[in-house]
Amino acid sequence: MEQKALSCPVCQSNKAEIAGENVKLSGRFEDKEFLTTPLTVLRCTRCGYYMFFDNMAQFTTKEPSDES
Ligand SMILES: [Zn+2]
């Protein structure tokens, strides 16, 4: 499994494995169903926490740029 450097929000571990790529999540809000854009899913190798990122996300040891 490919590993990327990042920080788990739960245990602060910087190791995670890719659990899925181009994953779309579906759900329902009020009367409407929705489908997310494709996501990359990372799973923390220490605590198992799942993290979701859009496909534009870059996983490096550097601070992510503020792109709001
Ligand atoms: Zn964790």
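Why does Glu-30 count as exposed? In this predicted model, Glu-30 has 4 C-beta neighbours inside 10 Å and therefore counts as exposed, the limit for that class being 12 or fewer.

The secondary structure of the protein comprises 6 strands and 0 helices. Read along the sequence, the elements follow the pattern β-β-β-β-β-β. Of the 68 residues in the protein, 4% are buried. When contacts between residues at least 6 apart in sequence are considered, 43% of them join residues at least 24 apart.

The phi angle of Glu-30 is near 55°, a positive value in a residue other than glycine. Most residues other than glycine have a negative phi.

Asn-22 counts as exposed because 10 C-beta neighbours lie inside 10 Å, where the class extends to 12 or fewer. Along the chain, Asn-22 and Val-41 are 19 residues apart, and their C-alpha atoms are separated by 8.3 Å.

Another residue of strand 2 is Glu-17. Glu-17 has 13 C-beta neighbours inside 10 Å and so counts as partly exposed, since a residue is exposed at 12 or fewer and buried at 20 or more. The C-alpha atom of Glu-17 is separated by 8.6 Å from that of Val-41, a residue 24 places away along the chain.

Strand 2 is paired with strand 5, which spans residues 39-44. The two run antiparallel, and 5 bridges join them. In this pairing, Gly-20 stands opposite Val-41 of strand 5.

The loop between strand 4 and strand 5 contains Pro-38. Pro-38 counts as partly exposed because it has 13 C-beta neighbours inside 10 Å. Although Pro-38 and Val-23 are 15 residues apart along the chain, their C-alpha atoms are separated by 5.1 Å.

Strand 5 is also joined to strand 6 (residues 50-54), again by 5 bridges and in an antiparallel manner. Strand 5 is accordingly bridged both to strand 2 and to strand 6. Arg-43 stands opposite Tyr-50 of strand 6. Strand 5 and strand 6 form a hairpin with 5 residues between them. In the turn of this hairpin, Gly-48 has a positive phi of about 85°.

Phe-53 is placed in strand 6. With 14 other C-beta atoms within 10 Å, Phe-53 is partly exposed. Leaving aside neighbours within four places in sequence, Phe-53 is in contact with Leu-39, Thr-40 and Leu-42. For Phe-53 and Thr-40, which are 13 residues apart along the chain, the C-alpha atoms are separated by 5.2 Å.

Terms used: Residues are numbered from 1 along each chain as its sequence is written. This is a predicted model: local features need pLDDT of at least 70, side-chain atom pairs count only at pLDDT 80 or more; totals for chains, interfaces and linings use all residues. Two strands pair if DSSP finds at least two bridges between them. Helices (H or I, at least four residues) and strands (E, at least two) are DSSP runs, numbered from the N terminus. Two residues are in contact if their C-beta atoms, placed from the backbone, lie within 7 Å.
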